[in-house]
Amino acid sequence: MPKGGQPSQVTLLLRLLCGGYLIYLAYSLFTEAAGSVVFYIAAAVFALVGAALIAYTLRGVLRSRSQGTEELEEEAPPLLEDADETDGKE
């Protein structure tokens, strides 16, 4: 993990892909279940885990982006006009 405890973009992408794949597997199991209760239970578990993984990842992405914009506003560099005035040049 990079500094600050935030996961990298590759990690976030892999989480989203895994969540989507689990939902796809759940759909496939559900359509091929042929009345077996075990397949229905497995499909439900896969769907819940996949949806939770996607929701958890998206929540983290949105939270980190909102914190990132707040940090950028706080640490904004001085404007060019201010920099010219502080150089002592006239």
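The model is predicted. The chain holds three helices and zero strands. Read along the sequence, the pattern is α-α-α. Of the 90 residues in the chain, 11% are buried. The accessible surface comes to about 7400 Å². Carbon and sulfur atoms account for 64% of that surface. Among contacts between residues at least 6 apart in sequence, 59% join residues at least 24 apart.

Helix H1 covers residues 9-32. At 1.5 Å a residue, its 24 residues should span 34 Å. The C-alpha atoms at its ends lie 35 Å apart, which agrees with that expectation. The buried residues of H1 are Leu12, Gly19, Leu22, Ala26 and Leu29. In an α-helix there are 3.6 residues a turn, so residues three or four places apart point the same way. Just after H1, Ala34 adopts a positive phi of about 55°.

Thr11 is placed in helix H1. Its relative accessibility is 31%, so Thr11 counts as partly exposed. Thr57 is placed in helix H2, which covers residues 37-74. Thr57 has a relative accessible area of 1% and is therefore buried, the cut-off being under 20%. Thr11 and Thr57 are 46 residues apart along the chain, and their C-alpha atoms are separated by 9.6 Å. Leaving aside residues up to four places away in sequence, Thr57 touches Leu12, Arg15 and Leu16.

Definitions and conventions: Residues are numbered from 1 along each chain as its sequence is written. This is a predicted model: local features need pLDDT of at least 70, side-chain atom pairs count only at pLDDT 80 or more; totals for chains, interfaces and linings use all residues. Side-chain values use heavy atoms; hydrogens and water are left out. Helices (H or I, at least four residues) and strands (E, at least two) are DSSP runs, numbered from the N terminus. The expected span of a helix is 1.5 Å times one less than its number of residues. Buried means under 20% relative accessible area, exposed over 50%, partly exposed in between (1.4 Å probe, protein chains only). Contact means heavy atoms within 4.5 Å. Accessible areas come from the Shrake-Rupley method with a 1.4 Å probe; for residues, only the protein chains shown count as cover.
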